[in-house]
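Morning, everyone. Please have the sequence and the model open while I talk.

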Amino acid sequence: MGAITAISFLFLNFLLLLLPGPSLSHPLCIDSRAPFTLNTSLSFCPYNGSSCCNTTHDLQLQKQFQAMNISDAACASLLRSILCARCDPYSAELFTVSSVPRPVAVLCNSSVSANSSQSSQAQNDFCSNVWDTCQNVNILNSPFSPSLKGQTGLPANSSSNKLTATWQSKADFCDAFGGASTDGSVCYDGEPVTLNNTETSSSPRGLCLEKIGNGSYLSMVAHPDGSNRAFFSSQQGKIWLATIPEQGSGKTLGFDESTPFVDLTDEVYFNTEFGMMGMAFHPNFAQNGRFFASFNCDKVKWPGCTGRCSCNSEVNCDPSKLAPDNGAQPCQYQTVIAEYTANDTATKSLGATAKPLEVRRIFTMGLPFTSHHGGQILFGPSDGYLYFMMGDGGGAGGDPHNFSQNKKSLLGKIMRLDVDNMPSAAEIIKLDLWGNYSIPKDNPFSEDSDLRPEIWALGLRNPWRCSFDSERPSYFMCADVGQDTYEEVDIITRGGNYGWRVYEGSNPFTPQQSPGGNTSSESISPIFPVMGYYHSDVNKKEGSASITGGYFFRSQIDPCMYGRYLYGDLYAGAMWAATETPENSGNFTSTKIPFSCGRDSPIQCTSLPGSALPSLGYIFSFGEDNGKDNFILASSGVYRVVRPSRCNYTCSKENATAVGSPGPTSSPSHASQLHGSFSRILALFSSLLLLLLGAI
């Protein structure tokens, strides 16, 4: 049995080695919220601009410091700065080590390593400085002792307030509270954390495209099985399963448009502002065949289109007082999330068709007006929950009923739903849910009881295309369509308030109508966009722009684009590549990027009259396949980003890398590779364990 125990221990250690390493640091507060922009500097802590503290937190820290009653001025200065580390935009990293909360920030106690992203300010030994300065100073309610007494030889009931009474030496003290800055973490040096401001990659000269499909699609989702297949959906309500051709093969999308994977056009109401807005496939789709569609329906035309109106007494809205909008009565149109299943096959992922029969109605809500209802759905790569993007409902004058800031309304929100644990009928009634879903326990309502429990983030106007970075899932990017002036991209975080309709971008917004009341700027802590553009940047006509969110570029097909966030404007006149400098800082610089179509495109591209730009029509969405190649879904067809040299763009790194990104068929996704490694090691240890059992 001892041998079996040893093998089991070794096996577990191998499993731990398979787990991904820590993610690189980026701004995040201790409560998992994003830092917010301060209107004025804090009075006690040395933070302005971006911080995790507001004036209330600042006052609390000041009172905590005063209660310490530190007589030594030098030590007092150090302790004040250490308390204020809770306000640092990187406080989540500073106060957490191996997922364990710390009472004190990680104090820098060694030089910055060669591969560190933190600037050279952390090169002095700050932890040693704290010890040398404060070791014999009385510190009432010291943050250095309560949770750690008894670990270094001092009795747990000791009442001493000096460091020397709690810790036997400087080495012991810094073993407990110190740490070095590395490429995966930061440490605190008495000043706000700053990262190296360096740019290591060549700038892209242009984006080269090839046209591989003629159809007009609104959404693209890579097949969850990691293969070289992807689902494409139309606004009218059809979904197709297509094979993605290899880069450089000269082939087009492989599918029969006359045979869709599923046809939901009987349920979907299609119009300029309405239709099938999104689709999502369960992470375990290959095994369970579950998939979801987000669409609009007309209750006049379809009996299954039934749901409560989002304008109701709970949000101080009376639907009888809403005028018809574009000929439609309030809440005549509904937004729906429905669950379906692939046809039964030995392997669900091989199913080429599905029946248009709902397995379960997840969500139904009536829309007050005929615009701004978002509708994208996607599964979180880390938590497996379903994220649902909902606009403010529209209406003249800029969200006139202030739904986006109303915490009881689901309009202007991003929701996070659990579709794996279905509630009972009693639970649905008790929680007043809008359908068959459960609430994740760590949704922000657990800290803000005023929030509807479904809400993950609020203050959005009309989020149009969101994505998780495939290399850094904590980067949840959403483009939000502006009103008259500014189009924005936000990093979405738990409980974040993105300002609409108090702000459009970072600019104060004055609504034309306010029957639903106003929200003051002083009552919220808005998170401003990390990138975007003014309407005047693309067209001098006011209101002539509409952003389409994209993806972080993770394909090696264009190494000069790698790591940049690609997004564009609906009207296809401009695309941008946003560079984060330094990496993982949350500080982005966007550059308008030229784009053209390769002459050897499988389907010949047409050009705009009097312009060198290809005629894309409208850019509805961007896409990413399992090989991390990027796609543009336009009204004129499907385009894929290819090697820059195919359009005579110069990228100094192109020749140093592979000619093309390996396709998912020959080179599985990271998840598939991890699964393969896991399977091989599991097989190895199973064989070894069987041999051992046979020998006993």
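Let me start with a term. Buried means under 20% relative accessible area, exposed means over 50%, and partly exposed is in between, using a 1.4 Å probe and protein chains only. Now the ground rules. This is a predicted model, where local features need pLDDT of at least 70, side-chain atom pairs count only at pLDDT 80 or more, and totals for chains, interfaces and linings use all residues. Residues are numbered from 1 along each chain as its sequence is written, and side-chain values use heavy atoms, with hydrogens and water left out.

First, the overview. The protein chain has 696 residues, and 55% of them count as buried. It holds 10 helices and 33 strands. Those are DSSP runs, numbered from the N terminus: helices are H or I with at least four residues, strands are E with at least two. A contact means heavy atoms within 4.5 Å. Among contacts with a separation of 6 or more, 65% join residues 24 or more positions apart.

Next, the cores. A nonpolar core is a set of buried Ala, Val, Leu, Ile, Met, Phe, Trp, Tyr and Cys residues joined through side-chain atoms within 4.5 Å. Which residues touch the most other members of the largest one? They are I70, L107, F144 and F173, out of 46 residues. Two or more residues each come from α2 (55-68), α3 (73-84), β5 (107-108), α5 (126-134) and α7 (170-177). The most come from α3, which gives seven. Look at F144. Beyond four places in sequence, its contacts include L79, I82, V104, L107 and F173. There is also a second, separate core of 32 residues, including C311, V315, C331 and L417.

Stay with α2 and α3 for a moment. They pack at an angle of about 145 degrees, with axes 10 Å apart. Axes here are lines fitted to C-alpha atoms, for helices over the stretch in contact, and angles run from 0 to 180 degrees between N-to-C directions. On the α2 side, L61, Q64, F65 and M68 meet A76, L79, R80, L83 and C84 of α3.

Now the rings. Rings of Phe, Tyr and Trp (its six-membered ring) pair if their centres lie within 6.5 Å; planes under 30 degrees apart are stacked, over 60 edge-to-face, and the rest tilted. By this rule there are 44 aromatic pairs. One is F363 with W434, which is stacked, at 6.4 Å centre to centre and 25 degrees between the planes. Why does this pair tie together parts 71 residues apart in sequence? Because F363 lies in strand β15 (residues 360-366) and W434 in the loop between α9 (425-431) and β19 (455-458). F363 is buried at 0% relative accessible area, and W434 is buried at 10%.

Another pair is Y387 with F476, edge-to-face at 5.3 Å and 70 degrees. Y387 is in strand β17 (residues 386-389) and F476 in strand β21 (residues 476-480), 89 residues apart. Are these two buried or exposed? Both are buried. F476 has 2% relative accessibility. Its contacts beyond four places in sequence include Y387, M389, I414 and C466.

Last, a cluster and two charges. Y475, Y533, F552, Y565, Y567, W576 and F588 form one aromatic cluster. The charged end of R472 sits over the F552 ring, 4.9 Å from its centre. R461 has its charged end over the ring of W500, at 5.6 Å. The rule: NZ of Lys or CZ of Arg is within 6 Å of the ring centre and within 35 degrees of the ring normal.
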